[in-house]
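Morning, everyone. Please have a look at the next slide before I start talking.

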Amino acid sequence: MFKVMQLVAAPASLSFLAVRVHAAAPENETSKKNLLKVDENVYGKVLPRAEKAMEYGKEGRDFLKNPPPGFYPRLGVIGFAGIVGLFLSRGSKMKRLVYPIGFMGIGASLYYPQQAIAIAKVTGSQLYDWSLQAYITIESLWKENPKKKRSAKVSDKGDADRDKTVKVQESSSE
C-alpha cells in the first residue's frame with residue numbers, strides 16, 4: 001500500500017518543478033525552428049512515469065477492493081506495531097527511526113516468514129559487504145597517514161641540522 005501512495009504522489013510533485021532548457025545553437029541563427037517546446041521535453045519523460053503511476057494506482061485499488069483473506073487484520077497488526085514503536089521511541093532521533101521500523105519488521109515477519117528470511121539474507125550480505133568496505137577504507141587511511149610522512153621528513157631535516165657544527169663569534173664591544 002505504501003508503494004501505491006508513493007508512486008501516485010511523485011508525479012503530482014513534479015508539477016512544482018521548474019526546469020530550464022538550453023538549446024545548443026549559435027546566437028545568430030536562433031529561429032522558431034530551433035526553439036524547443038515544453039511539450040517535446042516533458043512528454044518524453046514524464047508521460048511514461050505518469051502512466052506507470054496510474055497503472056500502479058489501479059492495481060493497488062483493485063487489490064484493496066478484493067484483498068486476500070486475512071489481509072486487513074495483518075495490516076492492522078503491522079500498523080499497530082509501528083504506532084507502538086512511535087510511542088516507545090521518545091528521546092533520541094535514532095530511536096524514532098529504529099523502533100517503528102523494527103517493530104513493523106517484526107510484525108511483518110510473523111505473518112510473512114519466507115519473505116522475511118529472503119530479505120534478511122540479502123540485507124545480511126549487503127551489510128557484510130559494506131562493513132568490509134568500511135574496514136578496508138579505514139585501514140588504508142590508518143596506514144597511509146600523510147601527517148606521519150611529513151613529520152618524518154621534518155625530523156630528518158632537523159637531524160641533518162643538528163649534525164652541523166655551529167660557530168658562534170663573540171664580539172667584544174670594548
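This is a predicted model: local features need pLDDT of at least 70, side-chain atom pairs count only at pLDDT 80 or more; totals for chains, interfaces and linings use all residues.

Residues are numbered from 1 along each chain as its sequence is written, and side-chain values use heavy atoms, with hydrogens and water left out.

Start with the record. An unreviewed UniProt entry annotates residues 71-88 as "transmembrane region". Such annotations may be inferred rather than shown by experiment. In the model, that stretch is 100% helix and 0% strand. Its end C-alpha atoms are 26 Å apart. Helices here are DSSP runs of H or I, at least four residues, numbered from the N terminus.

Next, serine 89. This residue sits in the loop between α3 (71-88) and α4 (93-111). Is serine 89 buried or exposed? Buried, because its relative accessibility is 2%. Buried means under 20% relative accessible area, exposed over 50%, partly exposed in between, with a 1.4 Å probe and protein chains only. Leaving aside neighbours within four places in sequence, serine 89 contacts Lys95, Arg96 and Tyr99. Contact means heavy atoms within 4.5 Å.

Now the rings. Rings of Phe, Tyr and Trp (its six-membered ring) pair if their centres lie within 6.5 Å; planes under 30 degrees apart are stacked, over 60 edge-to-face, the rest tilted. That rule gives three aromatic pairs. One is phenylalanine 63 with phenylalanine 71, edge-to-face, 5.0 Å centre to centre and 85° between planes. Phenylalanine 71 is buried at 15%, while phenylalanine 63 is partly exposed at 37%.

Technical notes: Helices (H or I, at least four residues) and strands (E, at least two) are DSSP runs, numbered from the N terminus.
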